[in-house]
Amino acid sequence: MSRVSGVSGVTGVEEERGVEQERGLIAARIREVLAGPARPVALRGARKVDASGVTEGFWLVTSGERIEACGVADGAHGGVDGGVTAFDMACIEYGVAPSDILDVSGFILVPGYVDIHAHGAWGAAFDDGVDGIEMARAGHMMHGTTRQVLSLITNPVDTLCENLATVRGLMGSRSDILGSHLEGPFLALARKGAHDPECLKDPEPELVEQLLEAANGSLKQITIAPELPHGLSAIRQFAAAGVVPAVGHCDADYAMAGRGFDAGARIMTHMFNAMNGLHHRKPGPIPAAAEDPRVIIELINDGFHVDNAMLKLGLGFAPHRIAFVTDAMSATDCPDGHYLLGALDVNVEDGHARLVSNGAIAGSTLTLEKAVQRAVVELGMAPTDAVEAATLTPARALGFEKANAVTEYPLGLLASGYAADFNLLDADTWAVRSVWCAGRRVK
Ligand SMILES: [Zn+2]
Ligand SMILES: [Zn+2]
């Protein structure tokens, strides 16, 4: 997706070019940092917030790409007896130079955010080849999303295969890319959202095979309307191949959604959006996901895709199973204006993207930084729950909370043995100040 117009006048255009150039440099720097070596990191004095709780005076020491040691300050000045502390010992053991030790008192430290559903940012989409992926990833990385599944929008099958192969090719050198998510082409026509209706298909077994082959192990998630003629068999086929199927963009009722989960679907794609809503006599797919402890539920917390009143209600449906996703498109962190989504015209006004043709919502301009800020500051969600929804829960949806072949070390908590992914946040606003991914400082 690319921007067509927005700011008028020569100065505006020049300003925009300047921003684009600067962002290109940031994307290139992030590529280099991720390809380079990780240096030991030592932080102390933080207020740690993760799914396991809030801890004051928290410290951690990393080596390579993982957290080696962490703990709580022994006392205000050095150890209990004024001697060497566990922190000092860890710094010596893992070779942290004294000048590299950061005192982060007054800041919040959270695990790196994990977004399992987004399409782009900074004027670029994950369907736009290597350059587009690097630019869009940089946009999300600067907002604290250290690891991301790249969602690919519905396209002709050959294009989808190319895009899957591109993601596969990048995964060797980019540890921040967790794999791909195919959002389509197996979606219900009646619930297509901003996906091209011309490209929607029934998931026949040969087609499923073709996509699996093109992805070559990089496909992590696929959204499927279970009521399609081959919907349930495709869910079984993808699950057997190690892909996590997601129920979404569907016209399914309660019973059909339940059959989808029984067949192996383990995610609900952006709850409330592009599916039947809640009705007291026609419960629809949402209660089927809420009552099933195997299912992680995606939620777009931007206050626009889902009204705040329904967000608050939805957050209570499935404690520890709500994953914040952004569903962010290329206009994320960009000015309002006229954009193209594939071949479709999109207008972005006040950060809200809609198709010009029928007004359908065309993705969000949300970042996980904003989603967590909204949750804590506007919705009054408990900080540990808000952080869990942007870290451990999305990681759990795809098995990244355990040691795995992609990230090696588990994601989602600030604890020994976990990946060295963390964000330093402003204590009042929860704005992301600094970011480390796989032991490398990227912001
Ligand atoms: Zn969608
Ligand atoms: Zn999407």
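Biologist: Is N216 buried, exposed or partly exposed?
Modeller: This is a predicted model, and within it N216 lies in the loop between helix 5 and strand 12 (219–224). A residue needs 20 or more other C-beta atoms within 10 Å to be buried, and 12 or fewer to be exposed. Because N216 has 13 C-beta neighbours inside 10 Å, it counts as partly exposed.

Biologist: What is the phi of N216 near?
Modeller: N216 is a residue other than glycine, yet its phi is positive. The value is near 50 degrees.

Biologist: Is H249 buried or exposed?
Modeller: H249, in the loop between strand 13 (244–247) and helix 7 (254–263), is not a glycine but has a positive phi of about 45 degrees. Since the cut-off for a buried residue is 20 or more other C-beta atoms within 10 Å, and H249 has 27 of them, H249 is buried.

Biologist: How many of the 13 residues of helix 3 are buried?
Modeller: The buried residues of helix 3 include G132, I133, E134 and M135, with R137 and H140 also among them. Helix 3 is therefore largely enclosed by the rest of the structure, and the number of its residues that are buried is 10.

Biologist: How far apart are the end C-alpha atoms of helix 3?
Modeller: Helix 3 covers residues 129–141, and at 1.5 Å a residue its 13 residues should span 18 Å. The distance between its end C-alpha atoms agrees with this, at 18 Å.

Biologist: Which residue does a cis peptide bond join to G184?
Modeller: The bond has an omega of about 15 degrees.

Note on methods:
Residues are numbered from 1 along each chain as its sequence is written. Chains are lettered from A and ligands numbered from 1 in the order in which they are written. This is a predicted model: local features need pLDDT of at least 70, side-chain atom pairs count only at pLDDT 80 or more; totals for chains, interfaces and linings use all residues. Helices (H or I, at least four residues) and strands (E, at least two) are DSSP runs, numbered from the N terminus. The expected span of a helix is 1.5 Å times one less than its number of residues.
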